[in-house]
Amino acid sequence: MSEVLHIFTDTIKDLAATSGFANLGWQDILMILISFVFMYLAIAKKFEPLLLLPIAFGMLLTNLPLTAMYHPDLFADPTNIQYGTILHDGGLLDLLYLGVKLQIFPPLIFLGIGTMTDFAPLISNPKSFILGAAAQAGIFLTFIGAAALGFTAAEAGSIAIIGGADGPTAIYVSSKLLGAGASISTGTIALAAYTYMALVPIIQPPIMRALTTKKERLVVMETLRPVSKTEKLIFPIAVTVIIALLVPSAAPLVGMLMLGNLLKESGVCDRLVNTAQNALMNIVTIFLGVSVGATTTADKILNWEFGKVIILGVIAFGVGTASGVLFGKIMCAATHGKVNPLIGSAGVSAVPMAARVSQKEGAKENPTNFLLMHAMGPNVAGVIGSAVAAGVLLSII
């Protein structure tokens, strides 16, 4: 009997010693609590919940000791990843993260976005391309600033892309540039990007009001001209060809975005459009969020570098908003008051939230002024612009 009791006692001790509780450190506890905070923001405050909630849960899973679901060392060198080793020895989140590292998930998200995007406002008013391009200034200025603060070129590029206010693009760039040895991770970039996207209605209005006069905010724009079906069909094909030739690195994102739009506008691929908009988009969003969240470990969050990412991210976003508005002012002057500068802020992407902010700010000055469709032009141009900016960063780094 005593021998049985001894064996039972030893078994309990072994189980206790090898349990997660015995290996739970203060950093793990803190990271788990941080994941709870992001879950709260996603559920209670609805901060980009479709992706923030999976990211937060991925953060929880990766910081639970001994789960062996994600191994950062397998991705330490982004230029020499041993995919065979990952497939053989990797955990669940390692395998899912391959969809990010191999640049699969973000382009598929763009495919779904394309099927839900109406480019008619942009086609009707091609000058919107200028505002969408101008808003990307925040990306390149922040890249210079981050490099000046001591970040490597890869880290600076990953931080700068936050200014595009486009989560999949930020994930696409950072996953391609960052290895496990970097001071920041794809997860921290994604958290910053989606946090600022959720805060668009708070961050943008003060900048918009500060840079415009009451007279400019009162400008009523002419009704957009109707766009033919032929124009809608030619547009995605032409954009794909032109951008792929100019910036080949942007082709995966822009190409899939335009493919989705072409499927939608063709009117003959309803089943494919429905799948891309719903089932495929939802599945990829879950996999993308959980695997990106898995990269958010204590060594990537509990340091001053993460604080710099947060600060530089809001600067990038603010500069992008300001650049769009300032170019809107230039266009307002050039057209003798036919362009409301408020629509320039929508060039940061963040579809369609940024366009709604432009509409809301314009309506505050004149309740009968409807800027939403005009703002959608720079807004969808910003999606294309952020993808092109991503391609430029990948080309030069």
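Tyr97 is buried, because its relative accessible area is 3%; buried means under 20%, exposed over 50%, and partly exposed in between, with a 1.4 Å probe and protein chains only. This is a predicted model, where local features need pLDDT of at least 70 and side-chain atom pairs count only at pLDDT 80 or more, while totals for chains, interfaces and linings use all residues. Residues are numbered from 1 along each chain as its sequence is written, and side-chain values use heavy atoms, leaving out hydrogens and water.

Back to the rings. The structure holds six aromatic pairs. Rings of Phe, Tyr and Trp (its six-membered ring) pair if their centres lie within 6.5 Å; planes under 30 degrees apart count as stacked, over 60 as edge-to-face, and the rest as tilted. Tyr70 and Tyr97 have ring centres 5.9 Å apart and planes at 85°, so this pair is edge-to-face. It links distant parts of the chain, 27 residues apart: Tyr70 sits in the loop between helix H3 (49-62) and helix H4 (83-89), and Tyr97 in helix H5 (residues 92-101). Helices here are DSSP runs of H or I with at least four residues, strands are runs of E with at least two, and both are numbered from the N terminus. Tyr70 also counts as buried, at 12% relative accessibility. Ring pairs join Tyr70, Phe75 and Tyr97 into a cluster.

Next, Phe105 and Phe287. Their ring centres are 6.2 Å apart and their planes at 45°, so the pair is tilted. Phe105 belongs to helix H6 (residues 105-115) and Phe287 to helix H18 (residues 279-293), 182 residues apart. Are the two partners buried or partly exposed? Phe105 counts as buried at 10% relative accessibility, whereas Phe287 is partly exposed, with a relative accessible area of 35%.

One more residue: Ser128, in helix H8 (residues 128-134). Ser128 counts as buried at 1% relative accessibility. Leaving aside neighbours within four places in sequence, Ser128 is in contact (heavy atoms within 4.5 Å) with Leu122, Gly377, Pro378 and Ala381.

Now the whole protein. How many helices and strands are there? There are 22 helices and zero strands. Of the 397 residues, 53% count as buried. Among contacts between residues at least 6 apart in sequence, 77% join residues at least 24 apart. The C-alpha trace spans about 95 × 45 × 40 Å along its principal axes.

That's my part.
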